[in-house]
Amino acid sequence: MRRGPVAVSCSLLAVLALSACSSNASGDAGDAGSLEPLGPVVTAAPDAAGTPFTDRAALKAALLDVGDLPVGFTPVPDPEEDLGLPPASESADSDKSSTDPADCGAVLSPVADQRPGAPASASGWFTGPGFATIDQDAASYATGADAAQAFAAVQDRLAGCTQYSGTDADGVQVQYRIGGREQQPAGDASTAFRLVTTSEGVSLVSDVVVVVVGSTVTQLVATGQDPIDAGVFGDLTSTAVAKLAPAPAG
């Protein structure tokens with residue numbers, strides 16, 4: 001399985017830290033600013049209308065594509081599916097990544113991993129200017145009740161991970177902070193939050209929205225040195241919902 005957004009962010013932090021050192025720049029962990037408290041828990045109706053995706057290819061086709069994204073973003077190939085590489089071992093001796101509490105390591109993991117049991121799941125990754133990334137994953141469940149439980153599981157984890165620490169794959173210390181962020185409601189139910197990841201004086205900001213569309217739950221993550229424009233992210237969310245809303249063929 002491909003590494004999740006948090007692991008990718010840690011690798012990017014290492015690159016940015018080296019860049020800062022080579023240019024005699026000094027990063028400031030406070031640049032990311034203060035965070036608002038997480039908003040209230042949002043409940044998804046267990047009987048939301050919608051036909052689940054049972055085919056991964058159909059669900060993948062309903063995710064955001066490069067034509068939906070801001071200019072300058074390009075797809076990132078999946079190492080296993082697109083490049084034919086063997087799965088990366090999460091227990092490799094050289095991998096020193098960890099989080100404390102351990103459960104917080106699943107923050108931003110695909111929804112299908114946070115709540116198993118989805119008949120179909122898919123992900124897409126894109127890179128853009130200035131080390132920015134946009135990632136989307138989706139998990140389509142058999143019933144609206146299953147989707148509501150998955151949506152709740154994501155929020156339950158956030159409540160216990162507003163501040164946590166860890167190490168990246170090389171053992172470098174990383175600090176994480178999660179707070180709320182405002183975004184217009186989307187789909188049948190939605191929640192939004194911000195994750196700030198800091199290491200060696202360099203910070204990355206991940207703006208996140210998790211949306212229920214029928215019996216499908218999708219997570220959209222925009223990461224960069226600065227927060228993504230709120231209007232742009234709102235438009236991306238609306239597009240993601242519109243693409244998932246039609247019933248899958250067959």
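Which residues have the most contacts inside the largest nonpolar core? They are Y164, I178 and V217, in a core of 27 residues, where a nonpolar core is a set of buried Ala, Val, Leu, Ile, Met, Phe, Trp, Tyr and Cys residues joined through side-chain atoms within 4.5 Å. This is a predicted model, in which local features need pLDDT of at least 70 and side-chain atom pairs count only at pLDDT 80 or more, while totals for chains, interfaces and linings use all residues. Residues are numbered from 1 along each chain as its sequence is written, and side-chain values use heavy atoms, with hydrogens and water left out.

**Overall make-up**

- The protein chain holds 5 helices and 9 strands, these being DSSP runs numbered from the N terminus (helices H or I, at least four residues; strands E, at least two).
- From the N terminus on, the order of elements is α-α-β-β-α-β-β-α-β-β-β-β-β-α.
- Of the 250 residues, 43% count as buried, meaning under 20% relative accessible area, with exposed over 50% and partly exposed in between (1.4 Å probe, protein chains only).
- Among contacts (heavy atoms within 4.5 Å) between residues at least 6 apart in sequence, 68% join residues at least 24 apart.

**Nonpolar cores**

- The largest nonpolar core, with its 27 residues, draws at least two residues from each of helix 3 (111–114), helix 4 (144–159), strand 6 (173–180), strand 7 (189–199), strand 8 (202–213) and strand 9 (216–224).
- Helix 4 supplies the largest share of this core, 6 residues.
- Y164 touches T99, D100, P101, C104, V107, Q175, Y176, I178 and L195, when residues up to four places away in sequence are not counted.

- Strand 7 and strand 8 run antiparallel and are joined by 11 bridges, pairing being assigned where DSSP finds at least two bridges between two strands; S199 has V202 of strand 8 as its bridge partner.
- The hairpin of strand 7 and strand 8 has 2 residues between the strands, and E200 takes a positive phi near 50° there.
- Strand 8 also pairs with strand 9 in the antiparallel sense over 9 bridges, and the bridge partner of V213 in strand 9 is T216.
- In the hairpin of strand 8 and strand 9, which has 2 residues between the strands, G214 takes a positive phi near 65°.
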